[in-house]
Amino acid sequence: VADVVGRDSVNVFSFTEGPSDAAQWTPAGEREPWQVGERPVLVATDFGVSLRSADVDIDPSWQQLAADCRQAGVPLMILNPWSPAHWPQRLGAYAELIHWSPTTTAAQVFNVIGSGHRIGR
């Protein structure tokens with residue numbers, strides 16, 4: 001992503017449990033938690049589970065992430081390696097889930113998000 005939109009336009013945060021734990025480390029070694037801002041949010045995740053059924057509960061912080069992005073008017077795109085049959089149903093309608101595989105192209109992503117989301121501000 002940074003190679004496409006530029007390194008200055010991308011902040012990378014990581015988490016091991018739910019997205020409420022997302023943080024990055026500053027050059028000074030301080031933990032900086034993620035906060036919703038004005039930039040679109042792109043998450044690459046398997047929701048922390050192996051191949052699963054869509055009726056399995058996900059960490060509640062996923063619903064909070066979607067609600068925070070919706071309230072801020074920030075697009076939320078989630079790349080997920082599982083087929084749509086295994087996507088969580090309790091995430092809500094705001095997040096754009098995109099099947100992520102080695103064959104996924106930028107054009108396919110654009111077709112999924114369409115013109116409904118503004119990629120830049």
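# Reading a predicted fold, feature by feature

Q: How much of the protein is made up of buried residues, and what is its accessible surface?
A: Of the 121 residues in the protein, buried ones make up 27%. The accessible surface comes to about 7900 Å², and carbon and sulfur atoms hold 52% of that area.

Q: How do I read a strand such as β4, and which way do its residues point?
A: The general idea is that side chains in a regular strand alternate between the two faces of the sheet. In this structure, Leu76, Ile78 and Asn80 point one way from β4, while Met77 and Leu79 point the other way, and all of them are buried. Strand β4, which spans residues 76-80, is accordingly described as mostly covered, with five of its five residues buried.

Q: Which residues have the most contacts inside the largest nonpolar core?
A: That core has 15 residues, and those with the most contacts inside it are Val43, Phe47, Trp62, Leu76, Ile78, Leu91 and Leu97. At least two core residues come from each of β3, α2 (61-72) and β4, and α2 gives the most, with four. Setting aside residues up to four places away in sequence, Phe47 touches Ile58, Trp62, Ile78, Asn80, Pro88, Leu91 and Leu97.

Q: Is Thr45 buried or exposed, and what does Thr45 touch?
A: Thr45 is found in the loop between β3 and α2, and because its relative accessible area is 10%, under the 20% cut-off, Thr45 counts as buried. Beyond residues up to four places away in sequence, Thr45 touches Trp62, Ile78, Leu79, Asn80, Pro81 and Trp100.

Q: Why does Gln24 count as buried?
A: Gln24, which lies in strand β1 (residues 23-25), has a relative accessibility of 19% and therefore falls under the 20% cut-off. Its contacts, again leaving out residues up to four places away in sequence, are with Asn11, Val12, Phe13, Glu30, Arg31 and Glu32.

Q: Which residue forms a salt bridge with Asp3?
A: As a general idea, side chains of opposite charge can pair when their charged atoms come close. Here the count comes to one salt bridge, formed by Asp3 with Arg7, whose closest N and O atoms are 3.0 Å apart. Asp3 and Arg7 are both exposed.

Q: Which residues form a nonpolar patch on the surface?
A: Val1, Val4, Val5 and Leu42 form such a patch, with about 400 Å² of accessible area together. Val5 lies in helix α1 (residues 2-5), and with a relative accessible area of 44%, between the cut-offs of 20% and 50%, Val5 is classed as partly exposed.

Definitions and conventions: Residues numbered from 1 in each chain as written. Predicted model: local features only at pLDDT ≥ 70, side-chain atom pairs only at ≥ 80, totals over all residues. Heavy atoms only, no water. Salt bridge = Lys/Arg side-chain N within 4 Å of Asp/Glu carboxyl O. Buried < 20%, exposed > 50% of the residue type's maximum accessible area, 1.4 Å probe, protein only. Contact = heavy atoms within 4.5 Å. Patch = residues over 30% accessible without salt bridge, like charges linked within 9 Å, V, L, I, M, F, W, Y side chains within 5 Å. Areas by Shrake-Rupley, 256 points an atom, 1.4 Å probe, with all protein chains shown as cover. Core = buried A, V, L, I, M, F, W, Y, C linked by side-chain atoms within 4.5 Å.
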